[in-house]
Amino acid sequence: MKTKTISTLISALVASSAFAVTYDPANSPTPLGKDGTYVQLSAPEGTTEAIFDGQGQSDLYYVILSASNPEQDANFTIINGFSAKRTATGEILTFKQQSASKGIDATLTLKDGTYNFATSDASELIITSAGFADGVNSSRAIVFDSSTTTNLFTSSAKFQGVKSAKVVSKGTINVYNTTYTTSVPSDVAYGQLHTYGTFVQESGTINANDMLVKSVNCNINGTLNLKQKSGTKHYPVVISNQRGLTFGKDAKLTTTANSRIQLNKDSTLTIQSGEKSIAVDLIMFNGDNGTLNLSGKNSVVHTNGKFDTVLLTYAGKNVAKINVDDTNTFGKTFVAVSPTFATDNTSIRIEIDFNFTSDDQYLNLGEIYTGDNTPGVDPVFYVKDFKNGYLRASSIRTSGTGYVGDTKLYIFNEASQQYEFTESQWIGNATDGFILTVAVPEPAEWAMIFGALALALAIYRRRK
């Protein structure tokens, strides 16, 4: 593969604290953009800022940026847009250090224009911000500025922040599942967004078909429109094993009808958004130890605009963890076991931890019921920091399809003392919500109870 380094094409370049480069194909011995060539931007020794003017060029193949001096920080900016096209799956934009014995802090910022990245057959495109080996402290980032529109013509776009590096989005990103076109049709199909390492949407809008989160740290703080076409069920958001997704305070998620967010084993979904900001029909725990953090107030809403979203636990020997900081309301809590484990007759443990700041906050689980194929499943709820009224539901299905045969509730009060309730004790009424008919003894009450028992025992022994 031939390499053309932009700095060698500009005869007037000298080392300085900052320099600008304008791509001029007339001065290039071999026109860039043909198969087997790529453009590499390199900052001369001593450079701290480098600007590349893309001038809307459309003949680039792909772009690699790096600092010539591996021991030096250097920030790059690309302005005025450009288009790049690969012939097959691979990296279309790469920001990395050539070599380094120590961490380098550097940023590549795309500004002021439209950037088109494509493959000839709409196969996967990769945008990489590459960090260093474990133990090397550095901060590297590719930043799509708020002044940019980035169009990715691909079946799947992979944003990956490797090691300590990250990819940051502030503008508009469109993932189109089609080959490159200058005029995008209104009925265009959208492609998949993959995130690896660290991906941050600080603001702006992302339009895609669906999102696969393989990031340890994926933060959404803008608008995420997932346009997967409605069907019987579909998964616009899937969080892989041991990975995490956070919807920040300014985040907004839109999906189509019958949509699901799936949490796989040991994954985490944190929702800090405002009321009715996260539109999805079902949140599904699809493996042990999935964690749902509800920090915002009534953030989750059904695509019908009502608080009808379903919580579903679906696996074998499932442990679902829910941490609640503010009032949240769901339509149903559906407790089911995969058919593979249906014969285990095992309990599904749902752990709920309240972190409320006032007594009028609550978690409403809606209607609680089990799946038709798992009549032997026993839902077991473990609740910490409980007060009467914190945990509510519209009803528990006690007969017919989806009957909950033996629902148990274990309450832990502020003194971490455990108290068990039978089903008849913890069913409230539809008007007041799901509140216990038997109060949870507080520590002082426990002291009175144990004191009374001790007195009764002493009297009994004396009489005996």
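**Aromatic rings and their partners**

In this model, ring pairs join F153, Y176, Y180 and Y190 into a cluster. The model is a predicted one, and the structure holds 10 aromatic pairs in total.

- The ring centres of F144 and F159 are 6.1 Å apart and their planes meet at 80 degrees, which is over the 60 degrees needed, so the pair counts as edge-to-face.
- Because F144 belongs to strand β13 (residues 140-144) while F159 belongs to strand β15 (residues 156-162), this pair ties together parts that are 15 residues apart in sequence.
- Both F144 and F159 are buried.

*The pair F159 and F199*

- Between F159 and F199 the ring centres are 5.4 Å apart and the planes stand at 45 degrees, so this pair is described as tilted.
- With F159 in strand β15 and F199 in strand β18 (residues 192-201), the pair ties together parts that are 40 residues apart in sequence.
- F199 is buried, as is F159.

*Lysines over rings*

- The charged end of K158 is placed over the ring of Y196, at 4.7 Å from the centre of that ring.
- K276 lies over the face of F307, and here the distance to the ring centre is 5.2 Å.

Definitions and conventions
Residues are numbered from 1 along each chain as its sequence is written. This is a predicted model: local features need pLDDT of at least 70, side-chain atom pairs count only at pLDDT 80 or more; totals for chains, interfaces and linings use all residues. Side-chain values use heavy atoms; hydrogens and water are left out. Rings of Phe, Tyr and Trp (its six-membered ring) pair if their centres lie within 6.5 Å; planes under 30 degrees apart count as stacked, over 60 as edge-to-face and the rest as tilted. Helices (H or I, at least four residues) and strands (E, at least two) are DSSP runs, numbered from the N terminus. Buried means under 20% relative accessible area, exposed over 50%, partly exposed in between (1.4 Å probe, protein chains only). A charge sits over a ring if NZ of Lys or CZ of Arg is within 6 Å of the ring centre and within 35 degrees of the ring normal.
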